[in-house]
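Visitor: I have a structure open here and would like to talk it through. Could you put it up so that we can go over it together?
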Amino acid sequence: MNITLPDNSYLLLTPGPLSTSKTVKATMLRDWCTWDNDYNSIVESVRAKLVNLATTSDGYTCVLMQGSGTFSVESVIGSALPEDGKLLVLVNGAYGQRIAKIAQALRIPVVILDSGEQETPNLQQLRDTLQADSDITHVAMVHCETTTGMLNPVAEAGEIVKSYGKIFIVDAMSSFGGIEMDVARMQADFLISSANKCIQGVPGFGFIIATREMMQSARGQARSLSLDMYDQWQAMDTGKGKWRFTSPTHVVRAFAQALDELETEGSIAKRAIRYRDNQRALVSGMRELGFETLLNDELQSPIITSFISPDAPGYNFREFYERLKAQGFVIYPGKVSDADTFRIGNIGEIYLEDIGRLLSVIRANRFWLSS
Ligand SMILES: *Cc1c(COP(=O)(O)O)cnc(C)c1O
């Protein structure tokens with residue numbers, strides 16, 4: 001049977017899921033047995049490649065977890081913290097807030113240091129709080145806060161967290177694969193990301209990178225059966241690619257293809273340049289069209305950008321969104337609470353030509369100018 005893949009009806013300029021290549025999508029046209037060696041060897045190769053992308057240091061391992069990225073974050077929080085653990089979360093957006101909510105839902109004591117959505121985390125406050133509250137065992141933060149597009153100072157925070165001997169958990173969901181990083185050098189004990197962000201796979205699982213000792217330290221601590229990070233890792237590691245429960249087979253196979261394509265592109269170093277160039281072209285083009293960014297350039301990540309909504313009576317996001325969608329581009333609503341914004345992502349199978357086309361579509365659809 002011949003199957004022609006439909007053309008994408010629109011490009012996703014969102015924080016995930018992202019536009020993926022046709023070749024990634026095409027790998028999902030066959031079925032795999034979750035218990036078969038062929039499939040399990042794909043899982044093993046994916047795990048090994050993820051570790052290699054995450055660090056040049058030895059001793060690291062990786063576990064894949066079913067669900068969206070949040071499931072993996074919840075798996076780490078619910079498994080890494082011991083019964084008498086206490087979490088400090090650095091919050092400057094919805095994703096940091098979500099980590100705190102996970103802890104609250106799991107009845108884990110949590111201290112929230114909220115610097116506001118438009119500020120970087122307050123590292124002096126982090127130091128003071130760790131000094132004052134010796135019950136804190138773990139610190140969590142988001143690398144790229146997708147709410148605004150802000151890139152947070154993870155390495156600097158890691159330095160402080162480690163100087164107090166605490167465990168450091170980093171949500172690098174929207175940055176891993178799109179920005180060069182080394183989990184060992186940023187002193188993260190747990191690094192979390194997912195299939196449908198900068199590796200450019202399709203949604204269906206997340207992954208956690210940690211040392212083998214860190215994984216082992218979570219044994220017997222989980223507050224959930226299906227999100228038990230240690231059990232999942234133990235089954236996958238000793239079973240050489242086996243999952244405890246039904247695995248997202250098609251998604252994993254597509255992810256293996258996405259990893260191959262990342263390698264072909266020239267690995268993370270090259271992809272990071274493409275994303276950065278996309279982001280810079282987007283911002284300079286939008287500024288020419290009269291838009292302003294929410295953040296100053298030095299706080300901005302090369303992943304997603306928040307723009308201030310036009311201050312014009314005729315503007316409304318819904319109409320802007322629908323017009324762009326009809327012309328092949330899906331953008332994202334804002335998520336900042338004290339500013340009216342919209343977001344445009346530039347990660348995924350997106351190239352400078354796409355940004356150029358987007359800018360001309362936006363130029364032609366500033367309907368509020370004529371009102
Ligand atoms: C996408 C994302 C997540 C996970 O969101 P899901 O909707 O569960 O995939 C978590 N943290 C950050 C920073 C993200 O960008």
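Visitor: Is C198 buried or exposed?
Guide: Bearing in mind that this is a predicted model, C198 counts as buried, because its relative accessible area is 0% and the cut-off for that class is under 20%.

Visitor: And which cysteine sulfur is closest to the one in C198?
Guide: That is the sulfur of C144, at 8.0 Å, which is too far for a bond, since a disulfide needs the two sulfur atoms within 2.5 Å.

Visitor: What about C62, how far is its sulfur from the closest cysteine sulfur?
Guide: The sulfur of C62 lies 16 Å from the closest one, which belongs to C198, so this pair is also too far for a bond. C62 is itself buried, with a relative accessible area of 1%, and the disulfide count comes to zero by this rule.

Visitor: Switching topic, what does the radius of gyration say about the overall fold?
Guide: The protein has a radius of gyration of 21 Å, which agrees with the value near 21 Å for a compact globule, because that is what the rule gives for 371 residues. Along the principal axes, the C-alpha atoms fill a box of roughly 65 × 60 × 35 Å, and buried residues make up 57% of the 371 residues.

Visitor: How many helices and strands are there?
Guide: The secondary structure comes to twelve helices and 14 strands. Of the contacts with a separation of 6 or more, 70% are between residues 24 or more positions apart.

Visitor: Last one: how many positive and negative side chains?
Guide: There are 35 positive and 43 negative side chains, and the centres of the two sets lie 4 Å apart.

Definitions and conventions:
Residues are numbered from 1 along each chain as its sequence is written. This is a predicted model: local features need pLDDT of at least 70, side-chain atom pairs count only at pLDDT 80 or more; totals for chains, interfaces and linings use all residues. Side-chain values use heavy atoms; hydrogens and water are left out. Helices (H or I, at least four residues) and strands (E, at least two) are DSSP runs, numbered from the N terminus. The radius of gyration is taken over C-alpha atoms; the globule rule is 2.2 Å times the number of residues to the power 0.38. Buried means under 20% relative accessible area, exposed over 50%, partly exposed in between (1.4 Å probe, protein chains only). Contact means heavy atoms within 4.5 Å. Lys and Arg count as positive and Asp and Glu as negative; His and the chain ends are not counted. The place of a charge is taken as NZ of Lys, CZ of Arg, CG of Asp or CD of Glu.
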